[in-house]
Amino acid sequence: MTTAKIDARPAAPVPVWTRLLRDPRLPIVVTAALLVVMYAYGSYRYSFDQQVPANLLINNSYLIVAAVGATFVILTGGIDLSIGSLVGFSTVLTGLLVTKNHVPVGLAAVVVLVAGALGGLLMGCMIQYFRVPPFIATLAGLFLFRGLSLMLSKESIPINDKTVASIAQFHISLPGGAFLSVGATVALVVVALAVFVLHYTRFGRQVYAIGGNEQSALLMGLPVARTKIAVYALSGFCSALSGLVFVLYIQSGDPRAAIGMELDAIAAVVIGGTLLTGGFGYVLGSLLGVLVIGLIKTIISDEGTLSSWWIKIGTGALLLLFILLQRTVTARGTRTTR
Amino acid sequence: MAEDFPVLRMTGISKQFPAVRALSGVDFRLYPGEVHALLGENGAGKSTLIKVLTGVYELDEGTVELDGAPVRITSPHHAQQLGISTVYQEVNLCPNLTVAENIFLGRERTSGPVVRWRRTRREAATLVAAFGLEIDVSAQLGSYPLAIQQLVAIVRAVDLNRADGAAGTKVLILDEPTSSLDQDEVEVLFGVIRRLKSAGVAVLFVSHFLDQIYRICDRMTVLRNGRMVGEHMVADLDRVGLVRLMLGRELQQLEELREHDRTATGETVLHAAGLGRRGSIAPFDLDISAGEVVGLAGLLGSGRTELARLVFGADQADSGELTVGGKPVSRRAGPQATISRGIAFCPENRRAEGLIPDLTVRENIILAMQAARGWARPIPRETADRLVARYIAALDIRPADPEATAGSLSGGNQQKVLLARWILTSPKLLVLDEPTRGIDVGAKAEIQKLVVSLAGDGVSVLYISAELDEVLRLSDSIGVLRDRTLVARLTNGPDLTADQIMQTIARGAQS
Amino acid sequence: MTALARIRQRDWRSLTRQQLFWPLLILVALLLFNLPFTPNFFSIGVRNGHLYGSLVSILYFGTVPILVALGMTLVIATGGIDLSVGAVMAISGAIACRLISHAADQNSVSLVLEAMGLALLASLAAGLFNGLMVARAGVQPIVATLILMVAGRGIAQLITSGFILTELSKPYGVLGGYAATVPTGVFIVIGFVAVAAVLTRRTALGLLVESVGGNAEASRLAGVRAQRIKVMVYLFCALCAGVAGLWNSSSLGGADANNAGLWIELDAILAVVIGGTPLTGGRFSISGTVVGALILQTLKTTIFTIGIPAQANMVFEAVVVIIICLLQSTDFRRRVARLLRPGAARGRPVGPVGPDGPTAPDQRPAQAAVSPESVEIPS
């Protein structure tokens with residue numbers, strides 16, 4: 001019986017440069033590099049102290065949590081437009097429970113998280129069982145939850161609960177003198193958990209499989225329907241959690257909170273190197289994406305002379321850069337003529 | 001090494017679809033440890049039989065017995081659980097994951113909920129080595145060529161049931177496994193297959209590459225037009241006999257439809273020199289004169305479609321040059337350029353590449369002509385209606401309703417709609433890829449008559465068909481392809497027989 | 001007008017009766033729903049020299065949604081999407097207002113025309129950017145247009161320097177006002193809808209767009225210049241958004257870069273989907289979109305006139321969208337049918353397993369899940 005040795009190199013040698021461009025990890029490397037460069041620039045120009053990176057995490061903690069949820073959905077090739085509305089809804093629900101109904105904070109938090117997960121579950125079922133396109137299903141979710149928030153409370157509900165206030169002000173000191181907030185810690189924990197789930201559980205690998213080739217995943221006997229619905233429920237849960245973190249930030253329940261946040265989350269995910277087509281990407285990338293966006297805002301506000309609209313233009317330009325980069329990564333193999 | 005009792009026995013299998021009877025009373029049996037070839041041309045029923053076996057389709061009549069016990073296979077997953085694993089030509093794996101992940105997807109080695117990657121990778125490496133392969137299981141599957149991906153799919157398929165304590169894979173179906181492999185890769189695959197044989201796995205080898213079948217298979221079953229026409233030991237049937245069985249030809253002259261002498265006018269309509277595309281078709285030369293009908297003969301996968309697509313500009317050639325009507329066409333130019341110079345192309349896969357299913361018959365018919373005119377010059381409605389009505393009548397498109405949705409028509413009528421579309425553009429060269437596939441006998445004849453009349457009007461035709469009798473009937477000359485190379489150009493005449501063509505095809509199968 | 005009648009007839013024939021039926025029914029139902037609450041809902045009076053009434057209000061405020069949704073229809077018909085229309089609206093209004101408000105004589109007609117021209121030029125530039133990204137660079141439409149959605153608003157704010165610009169130009173005000181007692185917007189909408197209808201049904205553009213959306217590869221092989229078509233639809237969409245932006249700023253008497261056209265893209269997409277054009281592209285319906293946009297606007301007006309707090313708006317919109325999407329979903333209809341007829345066992349959809357024919361590169365069948373009946377001729 002002959003033992004054949006197979007060379008791992010493909011038949012026609014691919015130039016190193018092309019292979020580099022085709023590596024799906026390229027965008028995340030570029031993001032990290034960009035972050036470092038930007039930070040160095042900012043540090044040089046505005047003398048960042050060690051609290052600055054911590055502040056980055058603190059000020060963007062809610063977006064990090066939401067972006068994690070968005071990452072799961074986008075990894076399966078879907079999209080979730082309801083994130084911002086669920087965040088707003090969660091803050092309102094929290095405000096109602098804690099302030100108006102004097103529910104203990106812990107219990108209120110649980111209710112909110114369950115509500116978020118259920119909302120996501122609902123959208124997931126619509127997407128999976130009725131084949132409503134994710135865009136439309138989550139768009140309906142966007143309207144539904146935002147509308148529900150406004151119906152529950154027209155105005156902002158201040159939360160004066162002592163527990164909430166003390167959590168919001170709680171500082172976790174880091175070696176070196178800097179400190180983190182509870183929100184930032186939650187964000188980091190969520191990221192760590194997400195990394196674990198995506199890379200060390202069967203469920204996580206199935207998420208990647210579905211994004212890679214849903215047809216194949218089905219034929220390989222994977223529980224595709226269950227996984228897809230679970231992913232949207234997870235995103236709903238993360239949006240709710242993000243809402244809770246946001247409450248710590250604004251200390252109130254605001255039905256107009258987080259309008260448009262889903263787009264920030266999606267932008268962060270894209271900048272972080274996750275492909276919108278699914279199957280490729282890392283949660284760490286999304287974290288980096290949020291930090292990049294946050295750093296841009298910090299630099300621009302520190303600059304002082306630049307106006308806030310440059311943030312938008314800057315973010316748009318960055319998006320453009322990364323998308324074109326992604327195209328070079330995935331665009332190989334268009335063998336047909338124009 | 002066949003034992004006495006078949007591991008799989010299918011009896012009297014029939015499957016009916018709305019337009020066609022795909023399988024009629026097919027019997028099939030498979031013994032453990034044998035490599036069994038399933039042969040047949042397009043439309044013969046191979047794919048349907050496989051899909052019935054793997055639970056994609058429900059059979060209408062007949063029984064399936066696995067190890068003597070009757071079974072009703074309800075889904076691909078069920079088939080897998082019973083021990084019937086399939087590796088498809090498309091390699092249904094996830095290219096974004098690693099080799100080890102793909103092998104164990106859904107059943108990774110875990111302690112509790114946590115996946116143990118080191119153990120998973122180690123076991124994957126062991127499995128892979130047991131097949132005699134050296135693959136880095138930590139590498140991304142997509143970074144490997146298709147040949148390797150296929151082998152990984154086989155490793156997964158064979159190992160699938162062992163871990164669950166079930167019986168293990170009894171039947172491994174390989175659907176066209178060598179279509180995209182080169183010689184060396186085929187050797188490796190055969191090595192793996194031989195190992196499986198000695199392990200007692202029954203391998204069902206679906207392919208059309210005759211030389212490979214003669215090398216690796218023990219027994220073969222031939223299907224034609226939904227019926228089983230023969231089951232033979234490979235050693236008992238020679239190549240020519242096999243081809244004859246598949247194509248159903250008697251060794252006799254075929255009647256020629258043409259009533260008059262058609263000499264090519266000499267004006268070269270198409271001139272291709274060294275036109276080729278890596279991995280698709282070897283560089284070829286092809287000259288077609290006005291009014292000439294050139295047939296392309298060869299088995300599935302021999303490169304006929306690829307040749308046609310290069311000529312039309314649907315795919316980009318890597319080498320060579322193309323001149324149409326005396327004017328050169330850039331290799332990078334797309335279909336618009338060739339269409340404007342007078343080439344028309346009816347693709348083989350009408351659903352995916354031909355029709356716009358949601359548009360009406362009328363819209364589909366006028367599409368190419370309209371595209372050539374540009375968006376600003378619409379074809380006047382009366383003219384369009386008149387032309388469409390004329391073609392509906394001429395080609396007997398049913399239902400004769402120009403506003404019917406094209407996707408709702410039967411395959412034959414869809415083909416006619418496509419033909420109408422292209423003939424409307426008054427092409428100099430009409431490329432037809434399997435125009436009569438899946439069409440009833442009457443329509444087949446109509447289409448062939450149409451080709452003859454077009455040729456009489458000075459239109460050249462490049463005619464691809466698996467039906468040799470059609471090719472012989474219509475062509476002035478016949479290009480023979482095998483294994484992605486144009487190997488011969490035979491002038492058609494009273495002396496050329498189907499047998500000779502088959503010999504050319506079959507002979508090429510010997511390495 | 002025979003031409004219009006023929007257009008209408010062709011539009012009518014190319015739509016299955018089902019498609020326009022439900023949206024129209026819902027529109028009528030919505031309108032009638034008002035009667036018990038507002039008995040004079042359908043009355044039209046004259047006030048301040050122009051028509052006045054709830055219906056007029058619907059038509060007036062419906063200008064922007066209808067215009068934007070119109071442009072969106074063609075983009076969606078090619079299988080794409082344009083999220084940047086709101087930002088384009090803002091840019092367009094910002095440019096026009098800035099030019100006008102900074103001029104010496106704000107009432108100069110030539111100035112107004114020049115300002116509008118420049119604003120529309122900028123809109124077209126945006127459309128060109130989107131079109132090239134999608135058609136040439138092959139970027140997914142959601143992502144490609146997301147760029148301008150984000151950056152465009154920043155650009156608009158840049159143009160207004162962060163302020164809310166106001167202008168007092170009479171000629172400009174006509175745009176967002178009334179002409180011959182009828183809201184000018186109505187004329188604009190009719191004009192654009194007519195142009196769109198003519199362009200798509202009197203030229204071959206409609207056919208080519210539907211072809212590209214229906215099966216891009218088959219269209220390419222038939223000689224359709226798919227890239228060119230795609231760029232054109234994005235240009236048109238941006239133009240519509242630009243005009244909407246002009247109307248909007250004229251109606252407000254100024255430009256608010258922050259809020260102009262905020263989230264209009266979502267309403268537009270909903271209007272298109274409600275009107276029967278599938279998100280996946282192909283057959284599109286301009287009249288369906290108009291009805292869809294009117295439904296959404298009527299919903300808003302209904303809620304307003306009845307006195308339901310405006311917050312409920314979004315919930316109702318969500319419910320309407322969900323209902324319509326479910327009705328349009330074949331899977332939903334099938335499941336409901338199965339619920340109502342237990343025992344009607346059908347083959348469950350299973351993914352296609354392996355091709356039926358020889359290797360065809362880069363090929364994916366249009367429909368993913370197939371049940372045995374829907375498979376063509378198997379090998």
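This is a predicted model: local features need pLDDT of at least 70, side-chain atom pairs count only at pLDDT 80 or more; totals for chains, interfaces and linings use all residues.
1. Overall form of chain B. Chain B contains 17 helices and 22 strands. Its radius of gyration is 25 Å, close to the 24 Å that the globule rule gives for 511 residues, so chain B is as compact as a globular protein of that length. Along the principal axes, the C-alpha atoms of chain B fill a box of roughly 70 × 50 × 45 Å.

2. Burial and contact range in chain B. Buried residues account for 54% of the 511 residues of chain B. Among contacts in chain B with a separation of 6 or more, 69% are between residues 24 or more positions apart.

3. The pairing of β1(B), β4(B) and β5(B). Strand β1 (residues 8-16) of chain B pairs with strand β4 (residues 61-66) of chain B in the antiparallel sense, over 5 bridges. Within this pairing, Thr11(B) has Thr63(B) of β4(B) as its bridge partner. Strand β4(B) is also joined by 3 bridges to strand β5 (residues 69-71) of chain B, and these two run antiparallel. Here the bridge partner of Leu66(B) is Ala69(B), in β5(B). The hairpin of β4(B) and β5(B) has 2 residues between the strands, and Asp67(B) takes a positive phi near 55° there.

4. The six-stranded sheet of chain B. An open sheet of 6 strands in chain B has the order β18-β19-β20-β15-β21-β22, and its pairing is mixed. Its edge strands are β18 (343-346) and β22 (485-491) of chain B, each of which pairs on one side only. From one strand to the next, the twist averages 15°. One pairing in the parallel sense is that of strand β19 (residues 429-433) of chain B with strand β20 (residues 460-464) of chain B, over 5 bridges. In that pair, Leu430(B) stands opposite Val461(B) of β20(B).

5. Overall make-up of chain C. Chain C has 16 helices and 6 strands. Of its 379 residues, 54% are buried. Residues 24 or more positions apart make up 76% of the contacts in chain C with a separation of 6 or more.

6. Packing of α5(C) on α13(C). Two packed helices are described by the angle between their axes and the distance between the axes. For helix α5 (residues 85-101) of chain C and helix α13 (residues 264-274) of chain C, the angle is about 125° and the axes are 7 Å apart. The two helices, α5(C) and α13(C), are therefore oblique to each other. On the α5(C) side the contact is made by Val85(C), Gly86(C) and Met89(C), and on the α13(C) side by Ile264(C), Glu265(C) and Ala268(C). By class, the residues of this contact are 4 nonpolar, 1 polar and 1 charged.

7. The enclosed helix α10(C). In helix α10 (residues 205-214) of chain C, 10 of the 10 residues are buried, so α10(C) is largely enclosed by the rest of the structure. The buried residues include Leu205(C), Leu207(C), Leu208(C) and Val209(C), and also Glu210(C) and Ser211(C). Their cover includes α12 (361-373) of chain B, together with α4 (63-77), α9 (184-202), α11 (216-221) and α12 (226-252) of chain C.

8. The contact between chains A and C. Here 42 residues of chain A are in contact with 40 residues of chain C. The elements of chain A that give two or more residues to this side are α7 (134-152), α11 (214-219), α13 (261-271) and α15 (309-330). The largest share, 13 residues, comes from α15(A). By class, the side of chain A that touches chain C has 29 nonpolar, 6 polar and 7 charged residues.

9. Helix α13(A). This helix is one of the elements listed for the side of chain A that touches chain C. Of its 11 residues, 10 are buried, so α13(A) is largely enclosed by the rest of the structure. Among the buried residues are Met261(A), Ile266(A), Val269(A), Val270(A) and Ile271(A), as well as Glu262(A) and Asp264(A). After α13(A) comes Gly273(A), with a positive phi near 100°.

Key
Residues are numbered from 1 along each chain as its sequence is written. Chains are lettered from A and ligands numbered from 1 in the order in which they are written. Two residues are in contact if their C-beta atoms, placed from the backbone, lie within 7 Å. Helices (H or I, at least four residues) and strands (E, at least two) are DSSP runs, numbered from the N terminus. Ala, Val, Leu, Ile, Met, Phe, Trp, Tyr, Cys and Pro count as nonpolar, Asp, Glu, Lys and Arg as charged, and the others, Gly among them, as polar. Axes are lines fitted to C-alpha atoms, for helices over the stretch in contact, and angles run from 0 to 180 degrees between N-to-C directions. Angles under 35 degrees count as roughly parallel, over 145 as roughly antiparallel, 65 to 115 as roughly perpendicular and the rest as oblique. Two strands pair if DSSP finds at least two bridges between them. The radius of gyration is taken over C-alpha atoms; the globule rule is 2.2 Å times the number of residues to the power 0.38. A residue is buried if 20 or more other C-beta atoms lie within 10 Å of its own, exposed if 12 or fewer, and partly exposed in between; C-beta atoms are placed from the backbone.
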